[in-house]
Amino acid sequence: MIGRVFARCLLLLTLFLAVPVEAGQVAMTFDDLPVYGHFRPIADAEAVTSDLLAGIKRNHWPATGFVNEIQLDAGDRPRRIALLSRWLDAGLDLGNHSYSHVSFTHTPVDAYIADVAKGETVTKGLLAARGRTERWYRHPYLETGPTLVARRRFEGWLAQHGYRVAPVSMENSDWQFADPYDAALARGDRKLAEHIRQDYLDFTARIVPWYRKAATGLLGGEPAFVFLLHASRLNADSIDAIAAILKAQHLRTVTLDQAMKDPAYRIADAYAGPDGDEWVTRWSMTLKKDLPWSSLPQVPAGIVALDAKADPAAAKN
Ligand SMILES: [Zn+2]
């Protein structure tokens, strides 16, 4: 009994301590919809979507999903389109992530624009049917253009078509953990899968404070973050734990619109080149101030090795 009372007091104390004077803000975004891991069997894609949406709802995240419509062409088209409708019916937003997850660094700008235009065919209609418009674009691999000419040309196209770029200012390399996790589950190795999931959560708990510290040191105040996750089985199985990490870090989830009001997103970003950097790195380049790279948490070597084995093509984002 005493033990139970003590536990309850401890819980109340924890809840009290978890309420910050001023909470930071983070917008949650999910890439590679309908489901990360190209061309999953439809039943699997439906199960991942159900669990993802249930977790997002349970934690009251106002999330935005970014769609690769190429997945709709993998058979079972109406059922795959229905997965996108479910995001909208859950009160969430959808944006364009190009049709085929194309690399801007390795694609001529005209072909790139054509792929992005093809990527709105279905999603735009789903939004319009609900009186809404498709407003956000997320670059695959965060590649914003190999030259300034290509970059500005595409940004002109985006503006003409009513899009805003959805930046990323916090990420946890979830894709590197997601493939080995899927591979372990496919082999029925639940023990390894759980080990990978724990490594993923430990890594997330270390990289979130790194981003907070790095961005705050750079800007002199904490910006509203935009967190990149993927619509994966791993995240479907981890949302409650990620929500707990955000809470412990005094971060409260907001819409992408709300996060983008932060003046940090008006800092000029004129990077042109092959790299797909997130925006904290871009700000550090513009402001010519270093980030604390020496303290950046690293994805465990064992996970990197498993990821290379699970998907030799690798290098996704
Ligand atoms: Zn992606």
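## Helix α2

Helix α2 spans residues 42-58. Its 17 residues reach 24 Å from the first C-alpha to the last, close to the 24 Å expected at 1.5 Å a residue. That expected span is 1.5 Å times one less than the number of residues. Helices here are DSSP runs of H or I with at least four residues, strands are runs of E with at least two, and both are numbered from the N terminus. This is a predicted model, in which local features need pLDDT of at least 70 and side-chain atom pairs count only at pLDDT 80 or more, while totals for chains, interfaces and linings use all residues. Residues are numbered from 1 along each chain as its sequence is written, and side-chain values use heavy atoms, with hydrogens and water left out.

Which residues of α2 are buried? They are Ile42, Ala45, Val48, Thr49, Leu52, Leu53, Gly55 and Ile56. Buried means under 20% relative accessible area, exposed means over 50%, and partly exposed lies in between (1.4 Å probe, protein chains only). Seen down the axis of α2, the buried residues fall within an arc of 160°, so they line one face of the helix. The arc is taken from the directions that run from the helix axis to the C-beta atoms. An α-helix has 3.6 residues a turn, so residues three or four places apart point the same way. The face of α2 turned away from the buried side carries the exposed residues Ala43 and Lys57.

The cover over the buried residues of α2 includes β1 (24-33), α3 (77-89), α9 (233-236) and α10 (239-248). Contact means heavy atoms within 4.5 Å. Just after α2, His60 takes a positive phi of about 55°.

The largest nonpolar core has 74 residues. A nonpolar core is a set of buried Ala, Val, Leu, Ile, Met, Phe, Trp, Tyr and Cys residues joined through side-chain atoms within 4.5 Å. Phe30, Ile56, Trp61 and Trp87 have the most contacts inside this largest core. Helix α8 (residues 190-219) gives the most to it, with 12 residues. Leaving aside neighbours within four places in sequence, Ile56 is in contact with Phe30, Trp61, Ala63, Trp87, Leu92 and Ile239.

A second, separate core has 12 residues, including Val109, Tyr137, Leu158 and Tyr163. Leu158 sits in helix α6 (residues 148-160). Its relative accessible area is 2%, so Leu158 is buried. Not counting residues up to four places away in sequence, Leu158 touches Tyr137, Tyr163 and Val165.

## Helix α3 and its crossover

Helix α3 has 13 residues. It reaches 18 Å from first C-alpha to last, close to the 18 Å expected at 1.5 Å a residue. Arg80, Ile81, Leu83, Leu84, Ser85, Trp87 and Leu88 are buried in α3. These buried residues pack against β1, α2, β2 (64-67), β3 (93-96) and α5 (123-128). Gly91 follows α3, with a positive phi near 85°.

Strands β2 and β3 run parallel and are joined by four bridges. Val67 stands opposite Asn96 in β3. The chain crosses from β2 through α3 to β3, and this β-α-β crossover is right-handed. That is, with the strands pointing away from the viewer, the path from the first strand over the helix to the second runs clockwise. In β3, Asp93 and Gly95 point one way and Leu94 and Asn96 the other, and all are buried.

## Strand β1

How many residues of β1 are buried? The count is 10 of the 10, so β1 is largely enclosed by the rest of the structure. Two strands pair if DSSP finds at least two bridges between them. β1 pairs in the parallel sense with strand β7 (residues 225-230) over six bridges, and Ala27 stands opposite Val226 in β7. β1 also pairs in the parallel sense with β8 over four bridges, where Gln25 has Arg252 as its bridge partner. With β2, the parallel pairing has three bridges, and Leu33 is partnered by Val67.

## Backbone features in loops

The peptide bond from Leu33 to Pro34 is cis, with omega near 5°. Pro34 lies in the loop between β1 and α2.

Tyr141 has a positive phi near 60°, in a residue other than glycine. Tyr141 is in the loop between β4 (136-137) and α6, and counts as partly exposed at 22% relative accessibility. His250 has a positive phi near 60° and is likewise not glycine. The place of His250 is the loop between α10 and β8 (251-254). At 26% relative accessibility, His250 is partly exposed.
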